[in-house]
Amino acid sequence: MFSSNDTPIDEFKYCNDLGGIINLDDITHIEAVERACGRLPKKMSFRYNPGGVFKISNDIMDNPGDAKYGMTTEQIFEAFKIMKEKGVEEFGIHSFLCSNTVTNEYYPMLAKLLFELAVSLKNELGVHISFINLSGGIGIPYKPDQEPNDIFVIGEGVRKAYEEILTPAGMDDVAIYTELGRYMMGPYGGLVTKAINEKHTHKEYIGVDACAVNLMRPAIYGAYHHITVLGKENMPCDFKYDVTGSLCENCDKFAIDRMLPRIEMGDYLFIHDAGANGFSMGYNYNGKLKSAEILLKEDGDFEMIRRAETPKDYFATFDCFDFYDKLIEE
């Protein structure tokens, strides 16, 4: 399934050639898909954004109205009408209203919203909705004191909404899709880094041999990732540190004012819940090279599944100077 809100036209064609489902983010993309593919695919999906804020009880979960994703209620009705007239036979609805929720209520609430929309679309336009994609948003407990989601309670809530809304409307053939990448991958990736520098100025700093190149989330979101000093798991956390990388950016920090055991040079730090947000989000700012990836197996054995980058990799796409070719050859 291909979801994009600012899409080069050739990517629509590429998705269609692969047999993927194009999930349109904007009503104006209908014409773009026609130009890219020659005609509209028989199955299409649309991304919905109801606007406003998304509340559970009295708690505001997120603010879809500020998000760049999805079309309004009026637009999705108009888009379905246009697509039906142009020969689309199967329709899907997609929505992503909240990120990293640690509550069992979010998914059932989202499901209820989309199920009610689906019934209205079918009744008013006579379209065949074959699937509803609840997308992601189910989070993980990044902090040790957080209560994790119960996926079985969440699933039961979605099932209940399905049977209360879709089944009575004769829509019990609608498939439910999910995109639970963070829930499935988040807890099963970590960043291992070594303390290589310490600085005592206005604050206490620990410099490590990793940086935002290896894990961007703390730098760009201010995201919390728990840190364990390996071998000192049972020692008191009575030292306050900023744990930093070496990039020429003040936001290149894995932790700010974090209470940890006393860290000595050469100590290894394990940064938890890195999931798939390492290599895949990495970049080469300041000429930094991406690190290797190691697969830890259930029996304790391990293997390298991706080697570290080298200067040859860094310069591989330069083709304007002869001395770069020589460097690459060496």
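**Salt bridges**

I looked up the salt bridges and found 16 in the structure; each has a side-chain nitrogen of Lys or Arg within 4 Å of a carboxyl oxygen of Asp or Glu. I am working with a predicted model, where local features need pLDDT of at least 70, side-chain atom pairs count only at pLDDT 80 or more, and totals for chains, interfaces and linings use all residues. Residues are numbered from 1 along each chain as its sequence is written, and side-chain values use heavy atoms, leaving out hydrogens and water.

**Asp257 and Lys203**

How far apart are the closest N and O atoms of Asp257 and Lys203? I found 3.0 Å. Asp257 sits in strand 13 and Lys203 in the loop between strand 9 and strand 10, so the bridge ties together parts 54 residues apart in sequence. (Strands are DSSP runs of E, at least two residues, and helices are runs of H or I, at least four, numbered from the N terminus.) I also noted a network that joins Lys203, Asp242, Lys253 and Asp257 through shared partners.

**Arg307 and Asp313**

These side chains meet in a salt bridge at 2.7 Å, N to O. Arg307 is partly exposed at 47% relative accessibility (buried is under 20%, exposed over 50%, partly exposed in between, with a 1.4 Å probe and protein chains only).

**Helix 4 and helix 5**

I then turned to helix 4 (residues 106-125) and helix 5 (residues 151-166), whose axes come within 8 Å and cross at roughly 20°. That makes the two helices roughly parallel, a label for angles under 35 degrees. Axes are lines fitted to C-alpha atoms over the stretch in contact, with angles from 0 to 180 degrees between N-to-C directions.

Notes. Angles under 35 degrees count as roughly parallel, over 145 as roughly antiparallel, 65 to 115 as roughly perpendicular and the rest as oblique.
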